[in-house]
Amino acid sequence: MARAPAKQAPVKGNFKKNQMTLWLSVAFVTVIIMSLPTVLIVVFGLLPTFVAYVIDRAKGKPAAYCVGGINICGVFPYMLQLWTGDNSMNAAINIMTDVFVLAVMYGAAAFGWMIYQSLPPIVTTFMTVIAQHRVSTLRAQQRELVDEWGKDVSTPQEILDLGEGIELVDESAPIEEPDPEPQAAAQPAPEPPNAGTAETPGTVPGEAT
Amino acid sequence: MKGYLQSKIPGNGIERCLYEFASTLPCLIPLIAEELVIHIEDLLPGLDNVANNVDKKLKPLDRHIAAFITARFRENIDPHLAALAEPKESSFLIGMLSLFAYMQWKLNNEDLYGLSSWVGSLLAPAINTYYSRSTRREIEDELPRVIRTGRLPELFELVDNAENRREDTEQYAVARFEYAKAEDEIQEIETGDMSDPETTAAAGAKVAAMTSVVISMCFVAVMIVAEVW
């Protein structure tokens with residue numbers, strides 16, 4: 001008996017994507033109809049930004065943002081001119097056919113690209129300098145700690161314990177267990193004596209009886 | 001007596017049996033043989049008298065003197081004896097100092113300038129058990145003044161102050177933690193993202209994008225405000 005073909009689950013993501021594309025298309029057409037001059041300036045003025053978006057393969061499209069940001073600075077004054085003055089196709093075409101205007105728009109985009117090319121190395125260098133400064137500060141701190149506490153301060157406790165055990169074994173002393181704390185063996189007397197005045201015999205070792 | 005003979009701890013052994021059997025026997029150590037120390041009260045003054053004429057590298061406490069003290073000094077000195085049995089020289093020195101200090105205090109001995117000087121000259125290994133170099137220096141600076149008082153309890157208090165020991169140990173632990181923390185941070189900087197060229201380049205690109213967007217927003221805002229004004 002032939003097996004019935006498995007039903008394909010509806011792909012939710014594709015449906016949403018298609019719906020979004022549809023709405024965007026509707027909005028785009030509406031914008032074109034309502035303000036075609038502005039759309040004209042945006043489409044031609046922001047061409048470098050679209051190009052940067054296409055060619056930028058980096059995550060987050062930083063080149064597109066960089067070029068686009070400055071490119072908008074070059075385009076926006078002419079959009080403003082359009083909105084506050086004659087908002088017609090003729091005015092838009094006049095603006096877009098002015099070489100000076102194109103130079104400003106594309107020059108701004110070029111400046112954005114220049115920022116994208118020049119700023120990262122500066123930031124990288126700055127970060128490297130900060131990191132090196134931090135490393136040298138930490139090294140200086142470590143040197144101070146070694147000066148104050150000796151070289152053992154840099155040795156992990158496990159290795160110190162191991163060395164202590166080996167030392168005790170070598171001495172063949174009548175000690176059954178290695179002393180984990182070097183301080184413990186150096187401090188056998190349970191209580192230090194007081195300053196020696198018979199009037200206040202509080203802390204003399206062996207005072208238990 | 002069998003127990004004394006079998007014990008390896010200083011203050012016991014054949015020497016202890018000897019002094020326990022003969023209660024009027026003077027301390028037989030050649031160092032103070034001339035002093036004819038029979039009573040425990042005379043031991044520290046006897047050592048004090050010979051202190052200026054002996055090699056200061058010799059220790060003023062050996063098995064004979066320990067046994068003499070154990071046999072004649074009727075106090076609980078087990079902690080001191082246990083310290084003397086420690087293999088480390090520093091522990092032995094601190095045990096010796098604490099025993100002498102206790103005896104001086106308990107027996108009301110007068111100031112022992114020579115013995116203080118003698119014991120004080122031997123205390124370098126005990127002082128070196130402190131981790132902190134500055135604490136060691138402080139003790140070493142203070143040592144001559146305390147030695148001049150002739151009071152062994154004060155000397156012990158200086159060298160093995162419990163509070164100082166505790167602080168030293170705690171601060172040493174903190175110092176080791178700080179060292180390890182600094183080392184971890186250094187390793188993270190040297191081998192982590194901060195040293196990766198790709199990561200730093202990506203961060204630079206993000207900064208450039210942010211800068212551009214901020215410039216753009218400021219410019220647009222200024223243009224609008226200028227137009228509206």
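How many residues does α12(B) have, and how far does α12(B) reach from its first C-alpha to its last? Select α12(B): 32 residues, reaching 46 Å, close to the 46 Å expected at 1.5 Å a residue. The expected span is 1.5 Å times one less than the number of residues. Helices here are DSSP runs (H or I, at least four residues), numbered from the N terminus, as are strands (E, at least two).

Before going on, note that this is a predicted model: local features need pLDDT of at least 70, side-chain atom pairs count only at pLDDT 80 or more, and totals for chains, interfaces and linings use all residues. Residues are numbered from 1 along each chain as its sequence is written, with chains lettered from A and ligands numbered from 1 in the order in which they are written.

**Stop 1: the buried residues of α12(B).** Select Thr200(B), Gly204(B), Ala205(B), Val207(B), Ala208(B), Ala209(B), Ser212(B) and Ser216(B). These are the buried residues of α12(B). Buried means 20 or more other C-beta atoms within 10 Å of the residue's own, exposed 12 or fewer, partly exposed in between, with C-beta atoms placed from the backbone. Their cover includes α4 and α6 of chain A.

Now pick the touching residues. On α6(A) they include Gly112(A), Tyr116(A) and Met127(A); on α12(B), Thr200(B), Gly204(B) and Ser212(B) are among them. Contact means C-beta atoms, placed from the backbone, within 7 Å. This contact has 12 nonpolar, six polar and no charged residues. Ala, Val, Leu, Ile, Met, Phe, Trp, Tyr, Cys and Pro count as nonpolar, Asp, Glu, Lys and Arg as charged, the others, Gly among them, as polar.

**Stop 2: the whole interface.** Show 58 residues from chain A and 66 from chain B. On the chain A side, α6(A) gives the largest share, 19 residues. That side divides into 39 nonpolar, 15 polar and four charged.

**Stop 3: two single residues.** Go to Lys61(A), in the loop between α3 and α4 of chain A. Its phi is positive, about 50 degrees, although Lys61(A) is not a glycine. Finish at Ser121(B), in helix α7 of chain B. Ser121(B) is partly exposed, with 13 other C-beta atoms within 10 Å.

Note on methods:
Contact = placed C-beta atoms within 7 Å.
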